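Welcome! Keep the 3D view open as you read.

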Amino acid sequence: MKIGLAIAPAKASPLAFVVFRDDLEVSIKKVSELGYDGIELALRDAEEVNVAEIKDLISAYGLELPVISTGRVFSEARLWFTHPDEKVRRRAINTIKGMAELAEQFGANVNIGRVRGYIPDNEDKIVVEERFFSAMSECADLASEHGVTLLLEPINRYETNFINSVTEGLEILHRLGKENVKLMPDIFHMNIEDVSITDSLREAGDRVSYIHFADSNRWAPGQGHLNFLEIIGALKSISYDGFVTVEMLPEPEPDSAARTAIDYLRKVIRESSSIESQ
Ligand code: LER
Ligand code: MN
């Protein structure tokens with residue numbers, strides 16, 4: 001299992017949900033020195049970064065870039081798939097297509113979290129869902145041409161009213177029926193929405209393609225009351241061997257949070273392996 005950390009460029013707004021928001025070279029160097037295996041990069045659009053520069057940096061510091069995350073498309077660019085205005089939806093779709101083309105250059109995938117949008121109070125759920133399915137299908141088809149997977153992330157009820165639990169996420173994947181759209185559980189959201197974190201992970205099985213880790217209070221794993229030994233056990237039971245990326249509040253401050261998270265996760269992964277070999 002590889003461990004990643006969520007970062008964003010310095011000009012990202014404080015609403016970007018990342019641990020390091022800084023000059024990319026500064027962050028990438030720190031992530032590597034802390035012993036992480038990769039970075040997840042939060043972008044507002046594909047034009048925001050210089051591909052060659054980031055390729056050089058991640059290769060110089062021995063890291064991978066498994067996922068480009070898109071929460072900033074929602075929080076900063078104010079674009080989302082279920083928006084009532086067709087022109088806004090079109091810009092959201094084009095932005096995500098641009099991210100998929102960018103992701104291909106890193107062998108990365110693209111997260112679909114808050115950018116899916118929500119169901120407005122005054123609108124019919126069926127109509128709004130249809131906007132989502134139409135946008136997702138179009139983005140998935142383009143992503144497929146580039147060998148990129150879209151990662152649907154269930155998000156808790158306090159952030160959106162659309163696709164909250166892993167169970168709902170699986171139903172949506174089934175209805176969408178696109179091979180290159182997979183599930184991206186976030187343990188923090190699952191702790192709020194899923195009846196059992198471990199049962200839902202087992203139910204999701206090989207549809208889990210990436211995962212976000214934070215503890216119950218959204219601090220570093222080990223700082224709340226979730227049982228990460230059980231969670232890692234459940235991921236191993238479904239043969240999950242991808243990245244677990246730490247997306248948490250940068251508290252009490254980013255550097256110590258990032259260190260606490262990696263130290264704790266390495267320890268739990270070691271414990272899990274020693275239990276397996278007994
Ligand atoms: C937001 O809470 C979150 O978990 C992000 O990964 C989705 O945009
Ligand atoms: Mn997340």
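## Around ligand 1

In this predicted model, a polar side-chain atom of His212 sits 3.3 Å from an oxygen atom of ligand 1. That is a polar contact, meaning a pair of N or O atoms within 3.5 Å; within protein, one must be able to donate a hydrogen and the other to accept it, and residues adjacent in sequence count only if both atoms are side-chain atoms. Arg114 also has a polar side-chain atom 3.2 Å from a ligand 1 oxygen, and for Asp186 a side-chain N or O atom lies 3.1 Å from an oxygen of the ligand.

Which residues are around ligand 1? They are Gly71, Arg114, Glu153, Ile155, Glu159, Asp186, His189, His212, Arg218 and Glu247, where being near takes a heavy atom within 4 Å.

## The manganese ion

Ligand 2 is a manganese ion, held by Glu153 (OE), Asp186 (OD), His212 (ND1) and Glu247 (OE) at 2.0 to 2.3 Å. Donors here are N, O and S atoms within 2.8 Å of the metal (3.2 Å for Na, K and Ca); water is not among the atoms, so sites may look incomplete. Along the chain, the donors of the manganese ion have the spacing E-x32-D-x25-H-x34-E. Glu153, in the loop between strand E6 (150–152) and helix H6 (166–176), and His212, in strand E8 (residues 211–213), are 59 residues apart, so this pair links distant parts of the chain. Helices (H or I, at least four residues) and strands (E, at least two) are DSSP runs, numbered from the N terminus.

The site has 6 donor atoms with angles of 70 to 177° and is octahedral; for six donors this requires opposite ones over 155 degrees apart and all others between 65 and 115. Are Glu153 and His212 buried or exposed? Glu153 is buried at 4% relative accessible area, and His212 is buried at 1%. Buried means under 20%, exposed over 50% and partly exposed in between, with a 1.4 Å probe and protein chains only.

## Helix H6

Val166, Gly169, Leu170, Ile172, Leu173 and Leu176 are the buried residues of H6. Viewed down the axis, they fall within an arc of 165°, so they line one face of the helix; the arc is that of the directions from the helix axis to the C-beta atoms. They pack against helix H5 (125–145), E6, strand E7 (181–183), helix H7 (187–193) and helix H8 (197–204). After H6 comes Gly177, with a positive phi near 65°.

## Helix H2

In H2 (residues 51–60), Val51, Ile54, Leu57 and Ile58 are buried. Their arc around the axis is only 130°, which puts them on the same side of H2. The face turned away from that buried side carries the exposed residues Asp56, Ser59 and Ala60.

At the N-terminal end, Asn50 caps H2, with a side-chain oxygen 3.1 Å from the backbone nitrogen of Ala52. Gly62 follows H2 and has a positive phi, near 65°.

## An exposed histidine

His225 lies in the loop between E8 and helix H9 (228–237) and is exposed, at 66% relative accessibility. Leaving aside neighbours within four places in sequence, His225 is in contact (heavy atoms within 4.5 Å) with Asn191, Asp215 and Ser216.

## Reading the numbers

Residues are numbered from 1 along each chain as its sequence is written, while chains are lettered from A and ligands numbered from 1 in the order in which they are written. Local features need pLDDT of at least 70 and side-chain atom pairs count only at pLDDT 80 or more, while totals for chains, interfaces and linings use all residues; side-chain values use heavy atoms, leaving out hydrogens and water.

Technical notes: Tetrahedral: all angles 85-135°; square planar, octahedral: opposite > 155°, others 65-115°.
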